[in-house]
Structures are given as structure tokens and as C-alpha cells.
Amino acid sequence: PAPGAEDVDEMIVEDDSSEPKTFTVEITSAGYSPKDIEINRGNSVTWVNKNSEENWPASAIHPTHTVYPGSNIEKCGTLEETEIFDACRGLGTGESWSFTFNEIGKWNYHDHLRVSSFGSVSVK
């Protein structure tokens with residue numbers, strides 16, 4: 001190395017937790033994986049359908065989807081649709097849907113097409 005330069009074997013990059021991140025939940029024939037996830041406020045979750053059947057992730061409680069603040073299935077098909085915790089349709093194989101969580105709490109969700117499939121997003 002040149003005079004005064006050091007040979008660096010590894011670089012340490014600090015994780016800036018204030019940077020928004022996106023987490024992935026896979027939808028399979030066995031359900032959501034991971035079923036429960038913990039994230040920071042401002043982070044997003046993307047649900048990816050790897051199942052052969054459609055899946056419609058949405059906030060609890062079935063059928064109204066009103067547990068997450070501001071969400072309501074009645075807002076599907078309106079200008080507010082992009083702001084609610086509701087995919088507002090079944091996702092086909094290979095399709096995905098993302099939502100950014102700005103409210104702190106534990107938010108249960110389910111598959112609107114098969115209510116026996118559910119999970120939770122804990123936002124801190």
C-alpha cells in the first residue's frame with residue numbers, strides 16, 4: 001500500500017434503522033411464511049403469492065377489514081384504496097402486494113378468500 005494507507009480486510013457498515021425497509025411474506029399452500037413478523041414503523045411488507053390459488057391479504061376482522069386504522073373493505077375501488085391495509089383483490093400466482101405500516105401496534109391480518117389463513121404484523 002501507499003505510504004499512510006492501511007490494508008483493510010473488512011468494512012463495517014452500520015445499519016441505519018431509520019431507513020425504511022421492505023420485508024417479504026410468502027403465501028404458500030401452508031399459509032403465510034413467516035406467519036408473524038415484527039417491523040419498525042414506516043417499514044413495508046410485501047406479500048408474494050407462491051400458491052396456485054388466489055390469496056387476498058387484508059386487515060382483520062373479516063369481512064370488514066377495519067382493525068388497522070383507516071382501513072375498511074368499503075374503500076376498495078375508491079381513491080383511498082392505496083392507503084388501506086387491504087389488497088382489495090385476490091393475488092394470482094406470482095403476484096404481490098405491498099403495504100407501508102405507519103401505525104404502531106400488533107395488526108392481525110387474514111386471507112379474505114380463506115379466513116382460516118392468518119398472521120400478524122407487529123409494528124414498533
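This is a predicted model: local features need pLDDT of at least 70, side-chain atom pairs count only at pLDDT 80 or more; totals for chains, interfaces and linings use all residues.
**Ser59 and its surroundings**

Ser59 sits in strand E5, which spans residues 57-59. Its relative accessibility is 1%, so Ser59 counts as buried, the limit being under 20%. The Ser59 side chain reaches the backbone nitrogen of Tyr68 at 3.0 Å. Beyond neighbours within four places in sequence, Ser59 is in contact with His65, Val67, Tyr68, Phe85, Asn108, Tyr109 and His110.

Most peptide bonds are trans, and most residues other than glycine have a negative phi.

Ile61 lies in the loop between E5 and strand E6 (96-100). Pro63 is in the loop between E5 and E6. His65 is found there too, in the loop between E5 and E6. Cys88 also lies in the loop between E5 and E6.

Are His65 and Cys88 buried or exposed? His65 has 0% relative accessibility and therefore counts as buried. Cys88, at 13%, counts as buried as well. His65 is also one of the residues in contact with Ser59.

**Aromatic pairs**

A pair of aromatic rings is described by the distance of the centres and the angle of the planes. The count comes to 15 aromatic pairs. Among them, Tyr32 and Tyr109 are edge-to-face, with 4.8 Å centre to centre and 70° between the planes. Tyr32 lies in strand E2 (residues 31-33) and Tyr109 in strand E7 (residues 105-111), so this pair ties together parts that are 77 residues apart in sequence. Tyr32 is buried, with a relative accessible area of 7%. Tyr109 is buried at 1%.

Trp47 and Phe101 form a tilted pair, with 6.5 Å centre to centre and 55° between the planes. Trp47 belongs to strand E4 (residues 44-49) and Phe101 to the loop between E6 and E7, so the pair links parts that are 54 residues apart in sequence. Both Trp47 and Phe101 are buried.

Which residues form one aromatic cluster? They are Tyr32, Trp47, Tyr68, Phe85, Trp97, Phe99, Phe101, Trp107 and Tyr109.

Note on methods:
Residues are numbered from 1 along each chain as its sequence is written. Side-chain values use heavy atoms; hydrogens and water are left out. Helices (H or I, at least four residues) and strands (E, at least two) are DSSP runs, numbered from the N terminus. Buried means under 20% relative accessible area, exposed over 50%, partly exposed in between (1.4 Å probe, protein chains only). A polar contact is a pair of N or O atoms within 3.5 Å; within protein, one must be able to donate a hydrogen and the other to accept it, and residues adjacent in sequence count only if both atoms are side-chain atoms. Contact means heavy atoms within 4.5 Å. Rings of Phe, Tyr and Trp (its six-membered ring) pair if their centres lie within 6.5 Å; planes under 30 degrees apart count as stacked, over 60 as edge-to-face and the rest as tilted.
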